[in-house]
Amino acid sequence: MEILRREYKDVKNFSSWTLVYGRRKVGKSFLVRRYVNYDLYYVITRDLQAYFPDEKAYKSLNDAFQLTVSKLREDKTVVIDEFQRMPEKYWDGLSAEHPNGKLILVGSSFRIMSKLVDRQSPLLGLVLPYKLDIIHYADVLRQVKDPLLSMIYRDPWTLSFVKSVNDLEDKAYQLYMVAKALIGEIFEEEERQLTNLYEAILLSLAEGEWNTAIIANSLNSKGFNVTASSVSGYLDILHGMGLVEKIPIYGEKRKARWYYKISSPIISLIFYAEAKYSVSFTESVGELPIGREVQFSIGEMLAEKYNATFAYSPYEDIDIVLMDKGKPIIGYEVKIGEFSKSEAEKAVERIRRAGIPKAGLISLSERPNFNADEVLGPEELVKVAEEISNRVLN
């Protein structure tokens, strides 16, 4: 199964030397191989060889470099995958060929982008960076139609393992092993070890802890020696790696500017399974916070629809707040199941009491039949996704 994502148009129309970078397993190589009309493609392996998948052959890096130069001089298109592994001694040679041909570099490391734009880099000003993240929720929902499964498939590596939401519990142990290995690989590429501290921070985020002071207290109780300030620094590093995202906080009671969460819904859920149920030891889990994760994906999509900023209100317990120029437009309560009359009334009252002019209700089971400014069920959510994707894909 292929999820058609909006970035395919950008990749297909690259006209200059470009670096495609981002977290591992978000689909960089697939997009480039699928949509770039290349003349030469090879992957730099961990033992510093060049693997040519179309030929199923290995060659030395020196031979691959000579082929690259030859193709560029012929005004051809060359793709170098896992470019972060290429020794920098080759960079000067590549820069000497600019602007011949089209060179597309694919890097599974955020550090490679900063190195490429460093003032001492011979490729500075020659290569444009293009960041690729997990798939936009609207793009997945438009094709999958299932609001919960679409949330999981935002991380494309899950397509091979997860066929239904029930697989999250049934395969939690195996999925955690994959997710942990993926995270460890990211740290390896960034020349850092997956220390107990970083893993503990991710586990705290997976449990829903987001405030730096609360995270610091939690870590100190586990034997670490950190402060809220140092945790903020660690979170910035994780944010730079693409593992953590920062969502603006709304509300009069706001004491912090950002709500921190793990970027990938599936990784967040599986790390929760470890934090809450020690799945790596027990190999079994209980209930997972699926509702918490899907609300963030829906919030992102609705922000796209209204060209607004998506914020969260943890203090007032409002799932989605859409903002325009710093002012709230509408707030939403999201439920996987159906709303009771009292739940709907309390949600609308809570949203309006927080100073938000409009209140919306969203159910992933059926369209709510209550008096609110906007009510959305699963069919309406799919229509929103189709509206957005038709706009960005066509």
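Phe65 counts as buried at 13% relative accessibility; buried means under 20% relative accessible area, exposed over 50%, partly exposed in between (1.4 Å probe, protein chains only). The model is predicted: local features need pLDDT of at least 70, side-chain atom pairs count only at pLDDT 80 or more, and totals for chains, interfaces and linings use all residues. Residues are numbered from 1 along each chain as its sequence is written, and side-chain values use heavy atoms, with hydrogens and water left out.

The structure holds 17 aromatic pairs. Rings of Phe, Tyr and Trp (its six-membered ring) pair if their centres lie within 6.5 Å; planes under 30 degrees apart are stacked, over 60 edge-to-face, the rest tilted. Phe65 and Tyr90 make a tilted pair, 5.4 Å centre to centre with 45° between the planes. Phe65 lies in helix 3 (residues 61–73), and Tyr90 in the loop between strand 5 (77–81) and helix 4 (91–95), 25 residues apart. Helices (H or I, at least four residues) and strands (E, at least two) are DSSP runs, numbered from the N terminus. Tyr90 is buried, at 8% relative accessible area.

Tyr259 and Phe296 are stacked: 5.5 Å centre to centre, 25° between the planes. This pair joins strand 9 (residues 258–262) to helix 15 (residues 290–306), 37 residues apart. Tyr259 is buried at 5%. Phe296 also counts as buried, at 5% relative accessibility.

Now the strands. Strand 1 (residues 18–21) points Thr18 and Val20 one way, Leu19 and Tyr21 the other, all buried. Strand 1 pairs in the parallel sense with strand 6 (residues 102–107) over four bridges; pairing needs at least two DSSP bridges. Leu19 stands opposite Leu105 in strand 6.
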